[in-house]
Amino acid sequence: MSERRNVATSQQEEKEAKKSIEWKGKAVIWLGPTIVGVATTGTVYRNGLTPQLQKFKKELPAVKRLLVGTEDTARVRRALTDPQSAESLCYGKVLAYARKGAEA
């Protein structure tokens with residue numbers, strides 16, 4: 001059973017690595033809330049993410065859903081208006097996480 005888990009984990013890591021490789025060649029935009037010292041809504045990243053945003057992405061996986069290719073901007077912005085969409089739920093999680101961090 002642990003062997004299956006290791007295979008699944010390695011497959012997930014490969015997918016994440018492919019995504020980061022895909023991002024290196026194209027611009028991504030942050031459509032999440034403004035988080036002081038980390039990211040501002042609407043910022044376009046062309047040559048990779050800032051160290052602060054990379055760290056935040058590792059701490060909270062919901063961040064990945066709000067970093068989108070510039071060609072998907074309109075679709076994700078429409079999804080953010082629907083309170084039941086995955087993007088909207090991730091936005092709420094990121095906002096709550098950022099507020100909790102600001103209070104600490």
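**A ring pair and its surroundings**

Mentor: Start at Y97, which is partly exposed, with a relative accessible area of 28%. Buried means under 20% relative accessible area, exposed means over 50%, and partly exposed lies in between (1.4 Å probe, protein chains only). F56 is buried, at 8%.

A word on the basis. This is a predicted model, in which local features need pLDDT of at least 70 and side-chain atom pairs count only at pLDDT 80 or more, while totals for chains, interfaces and linings use all residues. Residues are numbered from 1 along each chain as its sequence is written, and side-chain values use heavy atoms, with hydrogens and water left out.

Now the rings. Rings of Phe, Tyr and Trp (its six-membered ring) pair if their centres lie within 6.5 Å; planes under 30 degrees apart are stacked, over 60 edge-to-face, and the rest tilted. By this rule there is 1 aromatic pair. The ring centres of F56 and Y97 lie 5.6 Å apart and their planes meet at 50°, so the pair is tilted. The pair links distant parts of the chain: F56 sits in helix α2 (residues 51-59), Y97 in helix α4 (residues 86-103), 41 residues apart. Helices (H or I, at least four residues) and strands (E, at least two) are DSSP runs, numbered from the N terminus.

Step back to the whole protein. There are 4 helices and 3 strands. From the N terminus on, they run α-β-β-α-β-α-α. The strands form an open sheet in the order β2-β1-β3, with antiparallel pairing. Strands pair if DSSP finds at least two bridges between them. β2 (44-45) and β3 (67-69) stand at the edges with a single partner strand each, so one side of each has no neighbour in the sheet. β1 (residues 28-30) pairs with β2 over 2 bridges. I29 stands opposite V44 in β2.

Last, the burial total. Of the 104 residues, 30% count as buried, F56 among them.
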